[in-house]
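Me: I am new to this structure and would like to learn how to read it. Could you walk me through it, one feature at a time?

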Amino acid sequence: MVYITRGETFNAAHRLYREDWSDEQNEAVFGKCANKYFHGHNFQMFITVKGEPDPLTGFVIDLKTLSKMAKTEIVDKVDHSNLNVDVEFLKGKMPSIENMAIEFWKILEAQLTDLKCELHCIKIVETE
């Protein structure tokens, strides 16, 4: 079994805030991330897949294929966007990096079903 990772970057804004909580409770839990005017991050996303290398190519997956998939299905939809407002697959969800990772997983796992590799993990880094 071989594990390979591809990294992608994007920039986006979001707000961590629960409508059913008071402003004080939101600020106590989410701090500056509850800012009513949103705030932004430079995100790094690392996608790791696993599988056996193809004996002819030596690839578990062509990294250009994985990169194109990540850009088309995720990065193009979240880059320079407001995650609370602009991103359809995050509508109604708290746009924490944990929830982003879950939604990104669902998207990529579906895209990988016909390939000979398996999604192993998604790591998201929010502003170094």
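**A guided reading**

Reply: Happy to! Let's begin with Asn26, which sits in helix 1, residues 23-30. Keep in mind that this is a predicted model.

Me: Is Asn26 buried or exposed?

Reply: Asn26 counts as buried because its relative accessible area is 0%, and buried means under 20%.

Me: What does the side chain of Asn26 reach?

Reply: It reaches the backbone nitrogen of Arg18, at 2.7 Å. Leaving aside neighbours within four places in sequence, Asn26 is in contact with Leu16, Tyr17, Arg18, Trp21, Gly31 and Ala34.

Me: How should I think about a nonpolar core, and which residues have the most contacts inside the largest one here?

Reply: The general idea is that in soluble globular proteins, nonpolar side chains tend to be buried together. In this model, the largest nonpolar core has 28 residues, and Phe10, Met45, Val49 and Phe104 have the most contacts inside it. At least two core residues come from each of strand 1 (2-14), strand 2 (39-51), helix 2 (63-78), helix 3 (97-111) and strand 4 (118-126). Helix 2 gives the largest share, 6 residues.

Me: Which residues is Phe104 in contact with, leaving aside its neighbours within four places in sequence?

Reply: You can look for Phe10, Met45, Ile74, Val78, Phe89, Ile122 and Ile124 around Phe104.

Me: Now for the backbone. What should I know about phi?

Reply: Most residues other than glycine have a negative phi. Here, Phe38 has a positive value, near 70°, and His80 also has a positive one, near 55°.

Me: Where do Phe38 and His80 lie?

Reply: Phe38 is in the loop between helix 1 and strand 2, while His80 is in the loop between helix 2 and strand 3 (81-82). Phe38 counts as partly exposed because its relative accessibility is 27%. His80 has 64% relative accessibility, so it counts as exposed; the cut-off for exposed is over 50%.

Me: Which residues line the largest pocket?

Reply: The lining consists of Glu52, Pro53, Asp54, Thr57, Phe59, Val60, Ile61, Asp62, Thr65, Leu115 and Lys116. By kind, these lining residues divide into 5 nonpolar, 2 polar and 4 charged.

Technical notes: Residues numbered from 1 in each chain as written. Predicted model: local features only at pLDDT ≥ 70, side-chain atom pairs only at ≥ 80, totals over all residues. Heavy atoms only, no water. 1 Å grid on protein atoms, 1.4 Å probe; cavity = no way out; pocket = protein on both sides within 12 Å on 5 of 7 lines; lining within 4 Å. Nonpolar A, V, L, I, M, F, W, Y, C, P; charged D, E, K, R; others polar. Core = buried A, V, L, I, M, F, W, Y, C linked by side-chain atoms within 4.5 Å. Buried < 20%, exposed > 50% of the residue type's maximum accessible area, 1.4 Å probe, protein only. Helix = DSSP H or I, 4+ residues; strand = E, 2+ residues; numbered from the N terminus. Contact = heavy atoms within 4.5 Å. Polar contact = N/O pair within 3.5 Å; in protein donor to acceptor, adjacent residues only side chain to side chain.
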